[in-house]
Amino acid sequence: MSLLVDAGHVVWIRPSTDEGDLPPDVHVIDAGGSTIVPGMVDAHSHVTLPGGSHWIDRGADPPEELLAVAEHNGDLLSRAGVRWARDVGSPLAADPRDGRRRALALRVRERWRSDPKRPMIRVAGTWIGHSGVLTGGLAIEADDGPALLKAASTQLDDGADFLKLYLDGPKKEEAPWSTEDVRAVVELAHGRRAKVTAHSGFLVGARVGIDAGVDSLEHGFELDSEAVAKMARQRTFLVSTLAIFRSWASFAQTTTLPRFVSDEGKERIAHRRERAIESVHLAYRAGVRIATGTDFGGGSLRANHLAWEVEALVEAGLKPWEALASATVRGGELLGEGKAGRIVEGGPADFFLVHGDPLTDPTALWRVWRVAWLDG
Ligand SMILES: [Zn+2]
């Protein structure tokens, strides 16, 4: 195939035997043997955090450090073919310009808006969770309905594009809020044209989120057939993050941390991984729309690991081309960005070139040769 780009847009896509007369000043790039892939969408990311085996500790690093981390992540994302990142939580920190405590990723969004080499991002602000669940000081805590509603409203006032609720409670077997409390937040957000997503590690929280009408569930590590059937009916998105279990399994060899190297730890991780794969498989079979993300920063992956997640989705039963769709067009649908994750005539030249065929082999996504928005 041949593809003509002008001023950052795709002019046409044609068989290379049918190019016709090319513009006189055209610069021809011989991409022989490579495959054109739409710029991907990492639908679950944390741009201000670095990831790695000490990912939780890194959240407490000083804001200047985390803003530098974000720039490195921006580089890694682009080089890996990721054009869009959906940031689902960043620490609260004082903004040096006005002293207001706001989610750090809001500043990153501002910085990157004017830089075409950086990913385009949508930002959830900070996590909203029940006390006793998230590391102190980095997130907003809300222990009842009114506090939850106030936290949600503050995030939107700060400029968050959407809201991120943390639906795991202090007790594993109880959701942190009632369905009515969460529904009130959904109504508030929708009234202000913002969406609501929810972290869901356990079934009890997932049920509350689904019943309350959240727009998407993150992780969904413990879903059952009833939950996925309702998600499919309501068109609730699932954002899968299965590769974190692959990452943790690798730490059994590369770290000395007991939770990864002990027999007990390995067994616990293997069990959770199995249950999580089953959940995604159930969602897939039920026809739930599945977008996907690395959870880099908020989990242990790094910003250039989205290919790992596409591989993990294939393990959960998606065809390779469906898994690639989760990392491209489905992510665009979730963001409400119709042009994200697609290559069309007249659309932005947001694509990259890999070796191999990602429609049949997800590992091809690791072999990036050239990125249009970086290399021209
Ligand atoms: Zn996360």
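User: Before we start, what do angles between helices run between here?
Analyst: Angles run from 0 to 180 degrees, taken between N-to-C directions. The axes are lines fitted to C-alpha atoms, for helices over the stretch in contact. Keep in mind that this is a predicted model.

User: Got it. At what angle do helix 8 and helix 10 pack?
Analyst: About 160 degrees. Their axes are 10 Å apart.

User: So how is helix 8 oriented to helix 10, roughly parallel or roughly antiparallel?
Analyst: Roughly antiparallel. Angles over 145 degrees count that way.

User: And the crossing of those two, left-handed or right-handed?
Analyst: Left-handed.

User: Which residues meet there?
Analyst: From helix 8, Phe-245, Arg-246, Trp-248, Ala-249 and Ala-252. From helix 10, Lys-266, Ile-269, Arg-272, Arg-273 and Ala-276. By class, that contact has six nonpolar, no polar and four charged residues.

User: What about helix 7 and helix 10? How do their axes cross?
Analyst: At roughly 45 degrees, coming within 9 Å. Helix 7 covers residues 225-234, and helix 10 covers residues 263-286. The two helices are therefore oblique to each other.

User: Which hand is that crossing?
Analyst: Helix 7 passes helix 10 in a right-handed crossing.

User: Which residues of helix 7 and helix 10 meet?
Analyst: Ser-225, Val-228 and Ala-232 in helix 7. Their partners in helix 10 are Ser-279, Leu-282, Ala-283 and Ala-286. This contact has five nonpolar residues, two polar and no charged.

User: Switching topic. How much space lies in the largest pocket?
Analyst: About 950 Å³. There are 36 lining residues, and the closest to the centre are Leu-3, Leu-4, Val-5, His-27 and Ile-29.

User: Which element gives the most to that lining?
Analyst: Strand 1, with five residues. Other elements giving two or more include strand 2 (9-14), strand 16 (351-355) and helix 14 (372-375).

User: How does the lining of the largest pocket divide by class?
Analyst: Into 20 nonpolar, nine polar and seven charged residues.

User: What volume does the second largest pocket have?
Analyst: About 770 Å³. It is lined by 30 residues. Nearest its centre lie Trp-55, Leu-134, Tyr-166, His-199 and Gly-298.

User: Which elements give two or more residues to that one?
Analyst: Helix 1 (55-58), strand 11 (162-166) and helix 8 (243-254). Helix 8 is also the helix that packs with helix 10.

User: And how do the residues of that lining divide?
Analyst: Into 14 nonpolar, eleven polar and five charged.

How values were computed:
Residues numbered from 1 in each chain as written. Predicted model: local features only at pLDDT ≥ 70, side-chain atom pairs only at ≥ 80, totals over all residues. Heavy atoms only, no water. Helix = DSSP H or I, 4+ residues; strand = E, 2+ residues; numbered from the N terminus. Parallel < 35°, antiparallel > 145°, perpendicular 65-115°, else oblique. Left-handed = near helix turned anticlockwise from the far one by under 90°. Contact = heavy atoms within 4.5 Å. Nonpolar A, V, L, I, M, F, W, Y, C, P; charged D, E, K, R; others polar. 1 Å grid on protein atoms, 1.4 Å probe; cavity = no way out; pocket = protein on both sides within 12 Å on 5 of 7 lines; lining within 4 Å. Points joined across faces, edges and corners; volume = space filled by probe spheres on them.
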